[in-house]
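Reader: I would like to go through this model with you and ask, for each label you attach, what value stands behind it.

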Amino acid sequence: MLARWAVSPRTRAWFMLMLDPQARRELGPAAARLADGFVERAERLTGSRARGRLLIGLIDGLLLDELTRGTVAAEERQERLDAIGRIVGIGR
């Protein structure tokens, strides 16, 4: 699930929009609702709000790395996501 979430066009588009202060202002409440939806999903997945926020922060870091340095191979991405899952208590 983390792999699908991290590479989904919706997640990547959201991340790129949120990097743009003008886009955040223009989206206003819609951006806040979308962000809340990500937090709620992460909270359900991890079992706590704090771990859900941590999960989002770690995935945001992974996405930023890929957007600024280039996409990594699927195997490397999976290794990164497995590590994130272990950190937040949902990994293998």
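Reader: Which residues have the most contacts inside the largest nonpolar core?

Author: In this predicted model, the largest nonpolar core has 15 residues, and those with the most contacts inside it are Trp14, Leu55, Ile56, Ile59 and Ile84. Two or more residues come from each of helix 2, helix 4, helix 5 (49–69) and helix 6 (74–88), and helix 5 gives the most, with 5 residues.

Reader: Which residues of helix 2 and helix 4 meet?

Author: From helix 2, Arg10, Thr11, Trp14 and Met18 meet Ala31, Leu34, Ala35, Phe38 and Arg41 of helix 4; sorted by class, this contact has 6 nonpolar, 1 polar and 2 charged residues.

Reader: What makes aspartate 82 buried?

Author: Aspartate 82, which is found in helix 6, has a relative accessible area of 17%; buried means under 20%, and therefore aspartate 82 is classed as buried.

Reader: How many residues along the chain lie between the positions of aspartate 82 and alanine 31, and what separates their C-alpha atoms?

Author: Aspartate 82 and alanine 31 are 51 residues apart along the chain, and their C-alpha atoms are separated by 28 Å.

Key: Residues are numbered from 1 along each chain as its sequence is written. This is a predicted model: local features need pLDDT of at least 70, side-chain atom pairs count only at pLDDT 80 or more; totals for chains, interfaces and linings use all residues. Side-chain values use heavy atoms; hydrogens and water are left out. Contact means heavy atoms within 4.5 Å. Helices (H or I, at least four residues) and strands (E, at least two) are DSSP runs, numbered from the N terminus. Ala, Val, Leu, Ile, Met, Phe, Trp, Tyr, Cys and Pro count as nonpolar, Asp, Glu, Lys and Arg as charged, and the others, Gly among them, as polar. A nonpolar core is a set of buried Ala, Val, Leu, Ile, Met, Phe, Trp, Tyr and Cys residues joined through side-chain atoms within 4.5 Å. Buried means under 20% relative accessible area, exposed over 50%, partly exposed in between (1.4 Å probe, protein chains only).
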